[in-house]
Amino acid sequence: MAAGFSVKDALNKNSKAGIDESPRARFRTKDISIFKMYRNDMNFYSVADIEELAGDILLSGLKQNLELVYAPCEKGEYRIVAGERRWEALKYLVSKGYKDFELATSKLTTPQDDDEEQVEIIIANSYRSKTISDMIEEETRLKASLERMKAAGKKIKGYDLQSGRLRDVISSMLHVSKTKIAQIEAINNNLIPEWKEELKKERLTFSAAYELSGMTEDEQRETLGKFSETGELTHKEVKDMKEAKAAGQQVSESDTEENGMNPPEARAGDDYETPHPEGITSLCYSCTEYETCNVKTGTCTSCDQYKNRAEAYKTDEQRYSEEQDAIDRETKKKLREMEQEEKMQKLPSTAPEEIKTIRVSQDKFEEYTGEYRKPYMITKDDGFKVGNVVKLVVFVAGKATGETADMRITCKDDDITCSGLSDGWCVIGLGVA
């Protein structure tokens with residue numbers, strides 16, 4: 001226990017915060033000004049779609065309370081444990097003149113230490129939509145906190161930290177499979193910094209990152225060259241690279257004296273021919289029957305018994321990832337075609353106006369283009385300027401539908417001109433282009 005701290009101090013602190021410590025299905029809430037709250041440094045989750053959330057709260061009120069810790073400091077009186085998006089949305093509404101949203105109903109809690117508070121933050125965000133970067137950071141922080149709590153002999157109700165693997169506890173807390181947790185750990189432990197940065201920028205899929213984590217650091221850096229050329233790297237492309245390298249190693253190993261055979265150059269009296277540099281890699285090396293087949297050769301190009309090893313051993317997650325990669329490629333192709341079509345409609349003597357694209361759902365598209373359309377939008381700042389034309393593109397199930405609308409920016413606020421906005425976000429007014 002820290003020097004100078006006593007049970008009386010804790011009771012006084014909890015009394016000031018209005019906290020009842022006894023476990024129960026009911027808990028005490030308190031209406032607290034949003035300006036007395038401050039951001040939690042341990043909350044690493046990305047904050048997005050503030051405008052949409054603010055619109056929902058404006059329409060039907062706050063549906064879920066915030067969760068706070070009474071911890072007065074120069075930043076404020078209450079540190080946020082859960083509800084930072086709701087807090088940002090409420091600040092945005094107040095900044096727009098809706099003063100009734102300054103007081104927020106909040107649950108007061110008292111974690112015993114930083115690890116317990118970190119676990120509470122992660123559990124509170126377990127059901128939200130997350131970026132891949134959020135998922136990896138979430139697993140890393142939760143594992144570190146649980147390891148420290150386990151070493152200190154601490155307990156968490158409903159979970160046994162002392163028996164079994166922590167991976168099972170993490171899987172249960174995050175509501176994802178143990179296999180997924182193992183894949184996240186592999187990415188976090190083995191992916192080189194350059195690829196982690198691409199993953200953070202959402203330019204690399206999770207399944208592709210997992211495949212890359214199975215390569216050596218030198219092999220991973222080799223793949224960066226292909227990525228820099230095309231701007232994309234799919235799970236299948238990484239898988240193919242690994243299989244090609246494995247096939248080359250099998251060719252080298254299978255024809256050595258160690259395996260009971262002479263090198264190809266020393267073999268005589270058979271039909272073996274050393275492939276030319278431009279030659280074809282034998283199908284045998286990628287067949288599921290390679291280990292048991294008695295007719296395999298180094299130059300096989302056709303076989304009626306061939307079964308592709310990579311295809312046969314794919315997991316459901318890998319197949320799903322390939323489908324998503326295909327959708328991403330099709331979407332990029334469609335957007336390029338749309339941009340090209342617009343360029344062709346421009347007169348040669350007319351300088352084309354740069355049009356930035358914003359993805360929206362079908363419902364949001366109708367909100368911004370319908371009869372009673374919403375006149376403003378909160379979005380990431382992509383260098384928008386007043387007078388620019390932006391194209392709203394409808395996406396359903398991760399795929400562009402082809403439905404679009406051009407809107408002109410009539411005004412703009414960013415994190416410099418509006419204190420309610422996070423760094424990198426802005427509010428733009430939308431009018432018909």
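Biologist: What is the mean pLDDT of the protein chain?

Modeller: First, the term: pLDDT is the predictor's confidence in each residue, from 0 to 100. Here the mean is 77, and 82% of the residues reach 70 or more.

Biologist: Where is confidence lowest, and where is it highest?

Modeller: Helices (H or I, at least four residues) and strands (E, at least two) are DSSP runs, numbered from the N terminus. Helix H1 (residues 7–17) has the lowest confidence, with a mean of 42. Strand E2 (residues 37–38) has the highest, at 94.

Biologist: Over which residues does pLDDT stay under 50?

Modeller: Where pLDDT is low, the predicted coordinates should not be read in detail. Residues 1–23 stay under 50. Contact means heavy atoms within 4.5 Å.

Biologist: At what angle do helix H4 and helix H5 pack?

Modeller: Two packed helices are described by the angle between their axes and the distance between the axes. Axes are lines fitted to C-alpha atoms, for helices over the stretch in contact, and angles run from 0 to 180 degrees between N-to-C directions. H4 (residues 114–124) and H5 (residues 132–151) pack at about 145 degrees, with axes 9 Å apart. Residues making the contact include Val119 and Ile122 of H4, and Leu142 and Leu146 of H5.

Biologist: Is leucine 430 buried or exposed?

Modeller: Buried means under 20% relative accessible area, exposed over 50%, partly exposed in between (1.4 Å probe, protein chains only). Leucine 430 has a relative accessible area of 2%, so it is buried. Of the 433 residues in the chain, 36% count as buried.

Biologist: Where is leucine 430 found, and what is it in contact with?

Modeller: Leucine 430 is found in strand E10 (residues 425–432). Leaving aside neighbours within four places in sequence, its contacts include Tyr368, Pro375, Met377 and Val390. Methionine 377 is 53 residues from leucine 430 in sequence, but 7.4 Å away in space, C-alpha to C-alpha.

Key:
Residues are numbered from 1 along each chain as its sequence is written. This is a predicted model: local features need pLDDT of at least 70, side-chain atom pairs count only at pLDDT 80 or more; totals for chains, interfaces and linings use all residues. Side-chain values use heavy atoms; hydrogens and water are left out.
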